[in-house]
Amino acid sequence: MTTTATPLPTLLVIPTGIGCAVGGYAGDALPAARLLAAASGCLITHPNVMNGAALYWSDPRIHYVEGSSLDRFAAGELLLRPVRRQRVGLLLDAGIEPELRLRHLQVADGCRATLGLDIGPVVTTERPLEVSLSLGASGVSWGQLGQPQALLEAGYRLKASGATAIAVVARFPDDPESEALAAYRQGSGVDALAGAEAVISHLLSRELGVPCAHAPALSPLALDPDLDPRAAGEELGFTFLPCVLVGLSRAPDLLPAAQPLPMANPAAVIGMDAVGAVVAPAGALGGAAVLACAERGIPVIAVDNPCLLNVNAEALGLEVLPAASYSEAAGLLLALREGLAPAALHRPLPAVAAQR
Amino acid sequence: VLQLERRPGPLRLQIEAALAAYGRPLRWAITAVHHPGAGEAVLQIEAVVLSGSGGA
């Protein structure tokens, strides 16, 4: 199927750490993202959707935007400026052991040598970041950072040294015997790391105003013969870093919407006024980006994607376009892109209501 | 975890204003919606904020 219609910039949100059947594991929403990018011609999404640890996909129609920056974009506070490349600085937690640290440095070298990415400099925090993990009342994964100032100081050093995007690697607590990890690896649990990862990247991105993403540093796990395919991307190597470096290497610049554009071609910038739809799990509509879109009257495509939450359109009083799958969502996006009213595709089709 | 009675008007601003009392919100989400009686819905909000003591 091809279309001659102009692209319809679309947000794809699959919140991290809520156990989504699609997107709750190791970049397993990537096929859906690729499909939605083809349907819309321009997809703006966040690392949880795109990051498959050792696996990744680069598509010029997909814009990789960290979660809190995506929220600020949806709120109209930021604009996105696509770039040819970013210079990705590497921020390493001082709590990473020497051997694991070397593994990450070798990933950076591999991405330079094999993919041609511009990576560097490398900065290590002054103190270990002291990451801890927790679960919320709903079962959603969250996390805390004991030394946020050490993270920010290292981020500022990277930015001052010329990095235009930042990949963070923090030492996460190992818990190889936990039931939660076993459930996750076998495809029935929540990603326990995701909440803390989001906190780290949100903090850095908000403070520094540059694209950021995070990879956890963990000791390798023992082989699991019952590994779910959706989690397999995280078990192919010693680090989760390759996807982060690739994603950031072409992440768009983040421009404050309130300031004049510092460039000759403002048409190349993407703003919320151009966004034509947002796609999100039907039970997870209570996040900042989706609510901001709904407040602007942007169509919300609510996809049946089971997760821990049941914060649906009815609970929030939102009007949405329901979709049984991401395939159906792609069809709805294509309809919107072509200027078709989605209601015209359903039967029965009620007669037009005449007003007196 | 914050319980917030829903008021008329945009939800996002209500939530961000309520969270600001605890610190700078880094990440939040409505994780449940309860209807305890005939009144407005009560939103359960889970969040991580940047506290004054320097933790997040």
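Reply: Let us begin with the contact between the chains, where contact means heavy atoms within 4.5 Å. Chain A contributes 30 residues to it and chain B contributes 24 residues. This is a predicted model, in which local features need pLDDT of at least 70 and side-chain atom pairs count only at pLDDT 80 or more, while totals for chains, interfaces and linings use all residues. Residues are numbered from 1 along each chain as its sequence is written, chains are lettered from A in the order in which they are written, and side-chain values use heavy atoms, with hydrogens and water left out.

Me: How much area do chain A and chain B bury between them?

Reply: Buried area is the accessible area (1.4 Å probe) that two parts lose on being put together, summed over both. Here the two chains bury about 2200 Å² between them, with 60% of it on carbon and sulfur atoms. On the side of chain A, 25% of the area buried against chain B comes from A:W142, A:E295 and A:L316, more than from any other three residues.

Me: Which elements make up chain B, and in what order do they run?

Reply: Helices (H or I, at least four residues) and strands (E, at least two) are DSSP runs, numbered from the N terminus. Chain B has 1 helix and 3 strands, and from the N terminus on they run β-α-β-β. Its C-alpha atoms fill a box of roughly 40 × 20 × 15 Å along the principal axes.

Me: What percentage of the residues of chain B count as buried?

Reply: A residue is buried under 20% relative accessible area, exposed over 50%, and partly exposed in between (1.4 Å probe, protein chains only). Of the 56 residues of chain B, 52% count as buried.

Me: Is helix α9 of chain A mostly covered or uncovered?

Reply: Helix α9(A), residues 288-295, is mostly covered, as 6 of its 8 residues are buried. They are A:A288, A:A289, A:V290, A:L291, A:A292 and A:C293. Just after α9(A), A:G297 takes a positive phi of about 80°.

Me: Which residue has a positive phi although it is not a glycine?

Reply: A:A53 is one of them, with a phi of about 60°. A:A53 lies in the loop between α2 (47-50) and β3 (62-64) of chain A, and it is buried, with a relative accessible area of 3%. A:E130, too, is a residue other than glycine with a positive phi, near 60°. A:E130 is found in the loop between β6 and β7 of chain A, where it is partly exposed, with a relative accessible area of 47%.

Me: Where is a peptide bond cis?

Reply: One such bond runs from A:G120 to A:P121, with omega near 0°; A:P121 is found in strand β6 (residues 119-124) of chain A. Another cis bond, also with omega near 0°, leads from A:R347 to A:P348, and A:P348 lies in the segment after α11 (326-337) of chain A.

Me: How many residues line the second largest pocket?

Reply: On a 1 Å grid over the protein atoms alone, a pocket is an open set of points where a 1.4 Å probe fits, with protein on both sides within 12 Å along at least five of seven lines; lining residues have an atom within 4 Å of a point. The second largest pocket is lined by 34 residues, and A:D175, A:L181, A:L193, A:L218 and A:L221 lie nearest its centre. Helix α6(A) gives the most to this lining, with 4 residues.
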